[in-house]
Amino acid sequence: MSYENLFQPYTFNNGVTVKNRLVVAPLTHFASDDEGHITDDERRFLTDRFHDFGLFISAATLVHDGGKAFHGQPEAIGEEDLPSLREVARIIQSQGAKALLQIHHGGALAIPELNGGQIFAPSAHAGSGVQALSEDHIHRLIAGYGHAAELALKAGFDGVEIHGANGYLIQQFYSAQSNQRSDRWGGSAANRLRFPLAVVDAVTAAREKHGRPDFIVGYRFSPEEPGEHGLTMQESFTLIDALTAKPLQYLHVSLWEFDKKIRRGGDTAQTRMQFIHDRINGKLPLIGVGNLFTADQILAAYETGWAEFIALGKTVMLNPHIATQILEGREAEIETQLDTTRADHYGFPDTLWKLAASGTQSWLPPVKGADWKPMDI
């Protein structure tokens with residue numbers, strides 16, 4: 001089988017073995033109820049859908065009040081969330097994958113009407129009404145990430161992924177573009193790193209508290225930002241160096257295109273993936289991602305050697321059994337464009353289907369006949 005390398009096992013530094021190199025990327029499904037709990041739509045979307053993957057990373061799950069960034073976002077805030085979390089973990093694991101809960105807070109990207117009209121971020125923004133976090137609020141948020149990890153552990157998840165990417169709260173703290181604080185949480189790169197690293201420490205402390213070294217902890221980050229003061233690749237190197245010194249199991253880079261070139265802070269003729277992988281230098285495995293739709297594209301990305309795992313998002317939405325199709329030599333069946341005439345709507349929840357079928361969302365699969373291209377970030 002020409003794709004056999006995708007199905008080689010990998011053992012993390014905590015002794016946990018993942019059965020292959022294929023990862024379900026976190027998929028925003030807009031299907032939880034107003035309390036952030038599982039619904040029938042979400043059950044249908046998750047069930048019998050992701051067999052033969054090694055890792056499954058859940059949709060971004062809220063860790064603290066005030067940070068909800070999309071309708072139907074799941075939550076891991078209090079004990080009342082445990083029944084829903086247990087069910088999600090059980091559905092994922094029943095399909096054979098390690099279940100990871102992605103833990104998240106929207107910060108300035110939270111939606112006011114979903115958060116009592118007030119949203120908070122590292123720095124205030126008068127035009128949008130975003131308020132600056134107080135010292136006490138910062139500490140409560142850090143504790144929220146740690147508590148969410150505890151809830152994930154109690155619910156039976158195999159681990160968590162800290163969502164430090166895509167311009168949400170953790171990245172807002174590290175970026176000089178969004179963090180204009182002059183206290184110990186802002187200013188220098190070392191100060192701006194304080195919040196991300198404190199979150200990592202809170203999450204790993206939860207694991208230690210329960211004596212669970214087998215509980216996987218990963219970290220997702222975006223390597224660059226547009227804008228004069230946006231993150232550069234050099235700043236991402238500083239982040240990577242700090243993260244590889246922590247007791248993590250993997251890093252996960254968020255990219256729209258796997259082979260996108262560096263914008264600033266490095267050799268612009270080189271891809272971000274290779275640059276990042278070289279910097280990690282074997283200290284942790286890297287999950288790569290980025291508009292990989294076919295079996296050959298997935299294999300080619302893996303064979304670059306720039307990532308130990310390949311995460312799939314859009315193509316998994318179109319092909320819920322893609323890992324099985326590749327494993328069984330049925331790669332010719334893989335779809336690469338969304339067919340809006342499909343009566344089953346691919347099993348998408350209603351809100352997700354409406355967004356996908358509109359053909360206007362570049363973060364969703366391309367629609368047949370629509371003018372689609374990935375975002376240039």
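The model is predicted: local features need pLDDT of at least 70 and side-chain atom pairs count only at pLDDT 80 or more, while totals for chains, interfaces and linings use all residues. Residues are numbered from 1 along each chain as its sequence is written, and side-chain values use heavy atoms, with hydrogens and water left out.

Ala356 is found in helix H12; helices (H or I, at least four residues) and strands (E, at least two) are DSSP runs, numbered from the N terminus. Leaving aside neighbours within four places in sequence, Ala356 is in contact with Leu338, Phe348, Leu364 and Val367, where contact means heavy atoms within 4.5 Å. Leu239 and Ala356 are separated by 117 residues in sequence and by 34 Å in space, C-alpha to C-alpha.

## The two faces of helix H12

Helix H12 spans residues 350-357, and Leu352, Trp353 and Ala356 are buried in it. Seen down the axis of H12, these buried residues fall within an arc of 100°, so they line one face of the helix; the arc is that of the directions from the helix axis to the C-beta atoms. An α-helix has 3.6 residues a turn, so residues three or four places apart point the same way.

The cover over the buried residues of H12 includes helix H1 (40-46) and helix H10 (314-318). Asp350 and Lys354 are exposed, on the face of H12 turned away from its buried side. After H12 comes Gly359, with a positive phi near 70°.

## Gln95 in a loop

Gln95 is placed in the loop between helix H2 (82-93) and strand E6 (98-104). This residue counts as buried because its relative accessibility is 6%. Among the residues that Gln95 touches, not counting those up to four places away in sequence, are Lys19, Leu46 and Asp52.

The side chain of Gln95 reaches the backbone nitrogen of Arg49 at 2.7 Å. A polar atom of the Gln95 side chain also lies 2.6 Å from the backbone nitrogen of Phe50.

## The largest nonpolar core

A nonpolar core is a set of buried Ala, Val, Leu, Ile, Met, Phe, Trp, Tyr and Cys residues joined through side-chain atoms within 4.5 Å. The largest has 105 residues, of which Phe157, Phe195, Tyr219 and Leu251 touch the most other members. Helix H3 (residues 135-155) contributes the largest share of this core, 10 residues.

Terms used: Buried < 20%, exposed > 50% of the residue type's maximum accessible area, 1.4 Å probe, protein only. Polar contact = N/O pair within 3.5 Å; in protein donor to acceptor, adjacent residues only side chain to side chain.
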